[in-house]
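Welcome, and please open your viewer.

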Amino acid sequence: LVIPAEYYLGRGYTLDVLDKYDVGLCINRKSHFYNRCVVPIYDDNYEFVVGYTGRDVTNHSKIKWLHSEFERSKTLYNSWFAKKHIEKTNTCILVESPGNIWRLEEAGIHCGLALFGTEISFEQMRLLSQYGVLNLILIMDNGEAGKNATSRIVKKLKGLYNIIIPKIDYEDLGECPIQHVKEKI
């Protein structure tokens, strides 16, 4: 991997956040992750890498995100850093992808977890409960898929959590300027 991933620096992420999350560009032509920004997924204790996800940076692939063999439905991205903040505040910000988490981190918000997409599984719901979540701030992307995901997730989780859905003025939380994130969340 070439660290830092220039692709994400070009999208306005800081070197500090990319370094904290070990984000790099795969330049190994023999790898399935070649020409993808690779994001390691750690276990809850930040001891072991349990998998990888990689974003296409060429815009030539039909698959935007490619995942290694790990159980996405049993994992929440950033649990290894966010868990202690969630336990203190009983609040979690639930988003779609790693880039959304990084923008929250840059804004000084450390209780974010990502789903690896727009579906929440029973196992992920169980993890939220284990972490002590009472307040759930739900921020899916503003496109049609994100809006549909918000409806589905609210339907599954209503009555279990105090659900808050802030309005962001950008397509994706990762595109938001840090000041906008601070004001809206």
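A disulfide is a pair of cysteine sulfur atoms within 2.5 Å. This is a predicted model, in which local features need pLDDT of at least 70, side-chain atom pairs count only at pLDDT 80 or more, and totals for chains, interfaces and linings use all residues. Residues are numbered from 1 along each chain as its sequence is written, and side-chain values use heavy atoms, with hydrogens and water left out.

**Stop 1: the cysteines.** Select Cys176 and Cys111. The sulfur of Cys176 has its closest cysteine sulfur in Cys111, 16 Å away, which is too far for a bond. Cys176 is buried, at a relative accessible area of 2%; buried means under 20% relative accessible area, exposed over 50%, and partly exposed in between, with a 1.4 Å probe and protein chains only. The disulfide count comes to 0.

**Stop 2: the sheet.** Helices (H or I, at least four residues) and strands (E, at least two) are DSSP runs, numbered from the N terminus, and two strands pair if DSSP finds at least two bridges between them. Show the open sheet of 4 strands, with order 1-2-3-4 and antiparallel pairing. Strand 1 (24-25) and strand 4 (65-67) stand at the edges with a single partner strand each, so one side of each has no neighbour in the sheet. Strand 1 is joined to strand 2 (residues 36-42) by 2 bridges, and Gly24 stands opposite Val38 in strand 2.

**Stop 3: the aromatic rings.** Rings of Phe, Tyr and Trp (its six-membered ring) pair if their centres lie within 6.5 Å; planes under 30 degrees apart count as stacked, over 60 as edge-to-face and the rest as tilted. There are 14 aromatic pairs here. Select Tyr46 and Phe81, a tilted pair at 4.8 Å centre to centre and 50° between the planes. Tyr46 lies in the loop between strand 2 and strand 3, and Phe81 in helix 3 (residues 79-89), 35 residues apart. Tyr46 is partly exposed at 36%, whereas Phe81 is buried at 18%. Next, take Tyr77 and Phe116, an edge-to-face pair at 6.2 Å with 80° between the planes. Tyr77 is buried at 0%, and Phe116 is buried at 12%. To finish, select the aromatic cluster whose members include Tyr46, Phe81, Tyr77, Phe116 and Trp102.
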